[in-house]
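Notebook open, structure loaded. I'm jotting things down as I look them up.

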Amino acid sequence: MPYHLHISFSFDDSISLKISGLKSPFLKDDYSRSNLITEHFNSARYSVASFVKILLYTDIAIRPDQLFWHRDLGLLTKAFRALGHEAYLVVHNSDNSLSKIKHPTSKIPEEPVLWPSPSEVRNPIWWQSQKPDLVILGLWTRPKYNPIRRAALSPTPHIIERADSDGMRTASCGLLTYAKRRFDYFRDCTYHFPSPLSIFASFFYSFASILTTPWIEYRLRKTLELLPSVLVETPHATALWKSLATRLGADPSKIHCVPHPIQTDIFKFDPTIQKKNQIISVGRWESYQKNLPLLLKTLCAFLNKNPTWTSLVIGSGLRTKSPHPQITFLPTLPPPDLARNIQASRIFFSSSRYESFGMAAAEAATCACAIVGPSEIFSQLNEPSFFNSPSNRLLAKLSDASSLLFNHPARPLSSFTPSDIAQQIIRLSQSIL
């Protein structure tokens, strides 16, 4: 008599079998036959590759033509799908003209995107209807999103959140550094204010943040209690987060260091492109965080002493005229064009006051550029590391890097490939009980 074998695979690689129509004098029914073979498979420790449904959500409202597949959760979504998983980017639609469309799409109809409303992601029913095996949240560990976290936990315990943080989460992480971070952050928020008003408001915000530390830490502890796993992007920030979790009475073992992926198919070392004595810097230069005045001051001082070098500054917020004949300004470039300019440069130079990860620096490191910038941000990207503090120290390290590279070219890094990061997250999620 013919028989039928049904095999299903669960998220944790366990195997469920059901056999019908198999006759045996020792097995009286389908149930016992199924149990016997299931036990045989499990005892043999068969290993299977489970393909799971993954939702990657961030609280961003964008138009369908603004989807970001080149970085962050968008790049991870593509990486999971390339590995065979059913992955979807989950964002909110900001285009009112498409409000009547149930599932608006991007320019490419096959784009793997879900467009729930802000109210839907706070409803457990929406998450349950999607039946995800794994949810990755890009909510920055902000307590105001706890209703979304609770809703996402309703269909699965496999929840991972990206902190996207430099580790200075509260004043107990380091009072003076935290106060400066809060000041810098609010200067960015008030960049359109008159400078004296922005400075005053930023001082007030920084001071208020310190005073409310007990309340901030109480709410953060509640958030950490909800989350099974938190990803932090750099080793330095991970150490700060683990220490903070311990102080808050949360489990530090749920904090893991996993960097952001980058487009390593574009940003990679190309031996056919000859490197030249060029320093490249990339950023949103209208941002107070990026510290354009320090960047230009240091570059001008360096180039005055090194006439064989040039500098390329790329990004938004640049003035129309360069302050130095050896400095060239370019607007924001598409990734392929940006990659070619980085591949032709020897040094990536950053003057940022702080970074949660340093995406542009990671892209430059994979193109075999030496990284000169804040040591606590970029020390994991390149060896040797070039440290900085005030302007004259930064200038000295920039000079050291330019001299060293003639005999010791920088090596390209390959630790930020989307596939590697995606597989690391899958392995981590399987450890969540």
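Predicted model: local features only at pLDDT ≥ 70, side-chain atom pairs only at ≥ 80, totals over all residues.

Which residues is Gln278 in contact with, leaving aside its neighbours within four places in sequence? I got Trp309, Thr310, Leu312, Asn341, Ala344, Ser345, Arg346 and Ile347.

**Gln278, continued.** I looked up where Gln278 sits, and the place is strand 10, residues 276–284. Its relative accessibility came out at 7%, so I put Gln278 down as buried, the cut-off being under 20%.

**Whole chain.** I then stepped back for the totals. The chain has 14 helices and 14 strands. Of its 433 residues, 49% count as buried. I also checked the contacts between residues at least 6 apart in sequence, and 67% of them join residues at least 24 apart.

**Lys53.** Back to single residues. I found Lys53 in strand 3, which covers residues 53–62. Buried or exposed? Lys53 is buried, as its relative accessible area is 13% and the limit for buried is under 20%. Not counting residues up to four places away in sequence, I have Lys53 touching Glu86, Tyr88, Gln130, Lys131, Pro132, Asp133 and Leu134.

**Helix 5 with helix 6.** Next I went through helix packing. Helix 5 (residues 175–189) and helix 6 (residues 195–211) have axes that come within 8 Å and cross at roughly 140°. Why do I call helix 5 and helix 6 oblique to each other? Because roughly antiparallel needs an angle over 145 degrees and roughly perpendicular stops at 115, the crossing at roughly 140° leaves the two helices oblique. I noted the crossing of helix 5 past helix 6 as right-handed. On the helix 5 side, the contact is made by Leu175, Tyr178, Ala179, Arg182, Phe183, Tyr185, Phe186 and Arg187. On the helix 6 side, I listed Ser195, Ser198, Ile199, Ala201, Ser202, Phe203, Tyr205, Ser206, Ser209 and Ile210. By class, the residues of this contact between helix 5 and helix 6 split into 11 nonpolar, five polar and two charged.

**Helix 7 with helix 8.** Helix 7 (residues 213–226) and helix 8 (residues 235–248) pack at an angle of about 100°, and their axes are 10 Å apart. That makes helix 7 roughly perpendicular to helix 8, since angles of 65 to 115 degrees count that way. Helix 7 brings Glu217, Leu220, Arg221 and Leu224 to the contact, and helix 8 brings Trp241, Leu244, Ala245 and Leu248. My class tally for helix 7 with helix 8 is six nonpolar, no polar and two charged residues.

**Aromatic rings.** How many aromatic pairs does a search of the whole structure find? I got 10. One of them is Trp126 with Trp127, an edge-to-face pair at 5.0 Å centre to centre and 90° between the planes. I checked burial too: Trp126 is buried, and so is Trp127. I also looked at Phe302 and Trp309, whose ring centres are 5.9 Å apart with planes at 80°, so this pair is edge-to-face. Phe302 and Trp309 are both buried. Trp309 had already come up in my entry on the contacts of Gln278. Finally, I wrote down a cluster: ring pairs link Tyr57, Trp126 and Trp127.

Definitions and conventions. Residues numbered from 1 in each chain as written. Heavy atoms only, no water. Axes fitted to C-alpha atoms, helices over the stretch in contact; angles between N-to-C directions. Helix = DSSP H or I, 4+ residues; strand = E, 2+ residues; numbered from the N terminus. Parallel < 35°, antiparallel > 145°, perpendicular 65-115°, else oblique. Left-handed = near helix turned anticlockwise from the far one by under 90°. Contact = heavy atoms within 4.5 Å. Nonpolar A, V, L, I, M, F, W, Y, C, P; charged D, E, K, R; others polar. Buried < 20%, exposed > 50% of the residue type's maximum accessible area, 1.4 Å probe, protein only. Phe/Tyr/Trp six-rings, centres within 6.5 Å; stacked < 30°, edge-to-face > 60°.
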